[in-house]
Amino acid sequence: QVQLVESGGGLVQAGGSLRLSCAATGRTSSINRLAWFRQAPGKEREFVAGIRWSEDTSAYADSVKGRFSISKDNAKNVLTLQMNSLKPEDTAVYYCAGSKSRLGWAAQGLYEYWGQGTQVTVSS
């Protein structure tokens, strides 16, 4: 089993920045990919960004390209999402997710492990 715990959410004004972290514990050697998803009120949960655990390959949703950056610290088993130039439409609960699969990024069904989520609110 793998446990994922997010931190770093909060309230920020539009144009500001936030940094989210996800600490992974347990059988982290079984993870192939880690990703961030988000769910805004009344909307479906959507893929934000992902990264392969043993490589530097990453992927981003079009809505966050150029503004968000995903990174990892394999030694500390920590995933990070740096969010810059935040917009009110980025307001959501952000979830860290882990997958043993190498296939696809955005399909939620491929992710076996999920954190509890952290709230990000961007005011206009």
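**Charges.** I began with the charged side chains of this predicted model. I counted 14 positive and 10 negative side chains in the protein chain. I then located the centres of the two sets, and they lie 3 Å apart.

**Surface.** Next I looked up the accessible surface of the protein chain, which comes to about 6,100 Å². Carbon and sulfur atoms account for 47% of that surface. On burial, I noted that 45% of the 124 residues in the protein chain are buried.

**Overall dimensions.** How does the radius of gyration of the protein chain compare with that of a compact globule, and what is its value? I found 13 Å for the protein chain; a compact globule with 124 residues would be near 14 Å, so the value agrees with that rule. Along the principal axes, the C-alpha atoms fill a box of roughly 40 × 25 × 25 Å.

**Secondary structure.** I went through the elements next: the protein chain has 0 helices and 11 strands. Read along the sequence, my note for the pattern is simply β-β-β-β-β-β-β-β-β-β-β.

**Contacts.** I then turned to contacts between residues at least 6 apart in sequence. Of these, 58% join residues at least 24 apart.

**The disulfide.** How many disulfides does the structure hold? I found 1. Cys-22 and Cys-96 form it, with their sulfur atoms 2.1 Å apart. I placed Cys-22 in strand β3 (residues 18-26) and Cys-96 in strand β9, so the pair ties together parts that are 74 residues apart in sequence.

Is the pair of cysteines buried or exposed? I have both Cys-22 and Cys-96 down as buried. I also checked the handedness: the torsion about the S-S bond of Cys-22 and Cys-96 is about -75 degrees, so this disulfide is left-handed.

**A loop residue.** Last, I picked out Glu-89, and asked where it sits. I found Glu-89 in the loop between β8 (78-83) and β9 (92-99); strand β9 is also where I had placed Cys-96. Why does Glu-89 count as exposed? Its relative accessibility is 55%, and exposed means over 50%, so Glu-89 qualifies.

I also looked up how Glu-89 is placed relative to Ala-14. In sequence the two are 75 residues apart, while in space their C-alpha atoms are 9.5 Å apart.

Definitions and conventions. Residues are numbered from 1 along each chain as its sequence is written. This is a predicted model: local features need pLDDT of at least 70, side-chain atom pairs count only at pLDDT 80 or more; totals for chains, interfaces and linings use all residues. Side-chain values use heavy atoms; hydrogens and water are left out. Helices (H or I, at least four residues) and strands (E, at least two) are DSSP runs, numbered from the N terminus. Buried means under 20% relative accessible area, exposed over 50%, partly exposed in between (1.4 Å probe, protein chains only). A disulfide is a pair of cysteine sulfur atoms within 2.5 Å. The radius of gyration is taken over C-alpha atoms; the globule rule is 2.2 Å times the number of residues to the power 0.38. Contact means heavy atoms within 4.5 Å. Accessible areas come from the Shrake-Rupley method with a 1.4 Å probe; for residues, only the protein chains shown count as cover. Lys and Arg count as positive and Asp and Glu as negative; His and the chain ends are not counted. The place of a charge is taken as NZ of Lys, CZ of Arg, CG of Asp or CD of Glu.
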